[in-house]
Amino acid sequence: MTTEISIGGAAITAEMRPIQGPRLEKGASEAAMRKAATDFEAMFLSEMMRPMFAGLKTDGPFGGGHGEEVFRSFMLEHYGKAIARSGGVGLSDSIYRTMVKMQEAK
């Protein structure tokens, strides 16, 4: 779908495409749906934690720089996965139930 957007009097034409998430085939196994729901919760949690670390000072002899940004990203991803695997905040259970209902509706 092509959309025209006007910004400050200038017209910009953009092609709008839906975001594609992981696709599960009809009749996907319970384990595959549970994994997809847990993976989503892990990603969500790591993104929600990102602002918590944004304002921390990282100067000093071993801090700061691009390397720390990269490793902080890895650390937050790991934290999200660890929290989701240990029960999370209940988001994956809700997503899983919704996926089961969607499978039943098809």
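This is a predicted model: local features need pLDDT of at least 70, side-chain atom pairs count only at pLDDT 80 or more; totals for chains, interfaces and linings use all residues.
Biologist: What do the side chains of E68 and R72 do?
Modeller: They meet in a salt bridge, 3.2 Å from N to O. By salt bridge I mean a side-chain nitrogen of Lys or Arg within 4 Å of a carboxyl oxygen of Asp or Glu.

Biologist: OK, and where do E68 and R72 lie?
Modeller: Both are in helix α2, residues 65-85, four residues apart, or about one turn of the helix. Helices here are DSSP runs of H or I with at least four residues, strands are E runs of at least two, and the numbering starts at the N terminus.

Biologist: How many salt bridges does the count come to?
Modeller: Five. Among them is K35 with D39, at 2.7 Å from N to O. Those two sit in helix α1, residues 30-54, four residues apart. D39 is partly exposed at 40% relative accessible area.

Biologist: Which side chain does R50 meet in a salt bridge?
Modeller: That of E47, at 3.0 Å, N to O. R50 and E47 are separated by about one helical turn, because they are three residues apart in helix α1. R50 is partly exposed with a relative accessible area of 32%, and E47 counts as partly exposed too, at 40%.

Biologist: Switching topic. What about S92, buried or exposed?
Modeller: Buried, with a relative accessible area of 7%. S92 is placed in helix α3, residues 91-105.

Biologist: Which residues is S92 in contact with, beyond its sequence neighbours?
Modeller: Leaving aside neighbours within four places in sequence, A37, T38 and E41. Contact means heavy atoms within 4.5 Å.

Biologist: And the whole chain, what pattern does it follow?
Modeller: β-β-α-α-α along the sequence, so three helices and two strands by the DSSP runs. Buried residues make up 16% of the 106 residues. For contacts with a separation of 6 or more, 62% are between residues 24 or more positions apart.

Notes: Residues are numbered from 1 along each chain as its sequence is written. Side-chain values use heavy atoms; hydrogens and water are left out. Buried means under 20% relative accessible area, exposed over 50%, partly exposed in between (1.4 Å probe, protein chains only).
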